[in-house]
Amino acid sequence: MIDNMLFRKQASAATPWAAFGRDKYSKNKEAPCFFIFNDTPNYRLNCNFVYLFVFLFAWFLLLLCWFPPTNTKTHTTQELEGYVSHVNHTKSLAPSIRTCDGSVSVYVYSLPAEFNVGLAEDCHHLNVYTDMCPHVANRGLGQPRPEMGSGAASWFVTHQFIAEMIFHARVENHPCRTWDPAHADLFYVPFYGGLHASSKFRESDLKARDALAVRLADYLEGQPWWQRRHGKDHFLALGRTAWDFMRTDSGPDFGANCLLNLPAVKNMSVLTVERNPWHGSNQHGIPYPSYFHPYTWDEMLTWQNKMRLSERPHLWSFIGGPRKGLEKAAVREKIMAQCAESSRCKLVKCGSGASECHEPSRVLSVMTKSQFCMQAAGDSFTRRSTFDAILAGCIPVFFSPHTAYTQYAWFLPEDRSAYSVFIDEKGSGSERIEEELLKISEEKLKRMRERVVDTIPRLTYAHPNASDVGFKDAVDVALAALSKHVSES
C-alpha cells in the first residue's frame, strides 16, 4: 500500500570542480586588488581596507532601501489585514472537503484478487446471459450517458446487479475509512459475490459452484480481527438478491450457491438488494443502483427541483413484461391489461432481447411524465424500477409488502402511506387500479411527491470519486445504520 511504501531520494554524487578552477580559486593564492586610486606607493590603498569600506557602504544602502523612514507599525498592520482578507476570500472559494462525523469507522479488507478485482478482469465470463465488460467499467458505474441530464459527468448506464462494485469504490474513498483496524467498528469485506454467482448459474458441480464462497469464509476465519467478535462487526455488500446465495440441499436449485448459509457468514451482516423477509435476520436491504451518480449537492438539488416541476400528463404507468409460471406474476397481467385500456396510463411493454425498457433515457422519460409508477413483483419481490421511479419523482405503487416495506427500512420513510400506495395483489383493488388512484386528492398527491423527491439522495449512490458530495447517499446511510446495529447487537 502507498502508506507502507518508503520513497527516498538518493543523494547526488558531488560534482568535481574543473582542473582550471582549482588553481584559479586556490586559497593559497590571493585575488589581485583592482582598487588602486593612485599609482604611487603613498596613495596605494590596502586591498583589505577597500573591501571593508565597500562592504559597509553597500550594507548601509541596503538598510536604507529595505527599511524606509515611514510608519512601520501602520504599514505592517495594513499588510496583515490584507493577508487575512485574502485568506478568508480564498477559503470562501475553496470547495469543502468531506470529513467523517465520527458516527462510524470502517476498515476495508485488502482481499486476494480472486475475490473481487480478479473477477472483474474476467468480465466477459461474469454472466451467463450477457457480456458484463461494459457494465464493470468506471468501477461499476458502467458507460457514461452525459446527454441524460444536468451534471453530464454523473449519468451512466448502470447495471441493476452491480451495487457491490459501486459500494466498494465508494467505501474506499469514504472519509470514515480507517487504515488502522484497531480503530474500526466495522470491517468491510469487498467480495464481488453477485458477479461470481452470475458466472456459475449453469455450473452443475455444486462443489465448484460453492468453492470461492468457501475459500472466502476460510480466509476470514483466519484473520486476527475476525477473532475479536467472531465476525459480528464484519459485513458484505452483494449486488444480487439473497436467493442467489441461499441454496440448500432440500430446496430447489436455481443456480445459487451456499454463501449465506455458511456458519461464518451467518455471523456477519449482509447488505443485499433483496433480503429474505423470513429467514434473513442478518440481511439488510440496500437500494438497487439507478443511473444518477452525482458529484455534488448542487447537482442533486438541480435534479430534485427539476422533478418537482416536471409536467406529468400520465396518471399512471407501467414499464415491464409478463412472467410465466410465477404466482406473484399474475398481478402483472392485471396491470398490463388495465393500463392498455386506459387513456390515463402509459404502458411500455418489455420483452426479451433488445428493448426500450433497457434504454435509461426512455425509462426515465416515461417515469418523469407519470404521477404513479406501478411496481409489481417479477422474478423476485424487488425491482430496480422502484428506485428509477423515485429518482424520477414518480410515486411508487406496490402490490406486495416485500417489494419495499420489508426490505429497505434504513432508507425509506417509516410511514409508507407518505410516499407510496399499496394495493394488495390478492385483493379487489388490483382489479380496479385506476379507480383506486383517482381516490387520492390533489393535495395529498403533492405531499406524496414532495416526500418522494426528498428521499432521492438517500437512495442514490454518489460518484465514487466525489470529495464534496454534501449529502448522505445510500452508502452513508448504510454505514451509519450498520454501525448502530452492530453496536447494539
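Two exercises with worked solutions follow.

This is a predicted model, in which local features need pLDDT of at least 70, side-chain atom pairs count only at pLDDT 80 or more, and totals for chains, interfaces and linings use all residues. Residues are numbered from 1 along each chain as its sequence is written, and side-chain values use heavy atoms, with hydrogens and water left out.

**Exercise 1.** Locate V189, and state whether V189 is buried or exposed.

*Solution.*
Step 1. V189 sits in the loop between β4 (186-188) and α7 (193-199). Helices (H or I, at least four residues) and strands (E, at least two) are DSSP runs, numbered from the N terminus.
Step 2. The relative accessible area of V189 is 0%, so V189 is buried (buried: under 20%; exposed: over 50%; partly exposed: in between; 1.4 Å probe, protein chains only).
Step 3. Leaving aside residues up to four places away in sequence, V189 touches Y109, L111, L216, L220, H234, F235, L236 and M268 (contact: heavy atoms within 4.5 Å).
Step 4. For L216, 27 residues apart from V189 along the chain, the C-alpha separation is 9.5 Å.

**Exercise 2.** Work out the strand order of the open sheet of 5 strands, and find which strands form its edges.

*Solution.*
Step 1. The order is β9-β8-β10-β11-β12, with parallel pairing (two strands pair if DSSP finds at least two bridges between them).
Step 2. β9 (345-349) and β12 (421-422) each pair on one side only, as edge strands.
Step 3. Strand β8 (residues 314-320) runs parallel to β9 and is joined to β9 by 5 bridges. F318 has L347 in β9 as its bridge partner.
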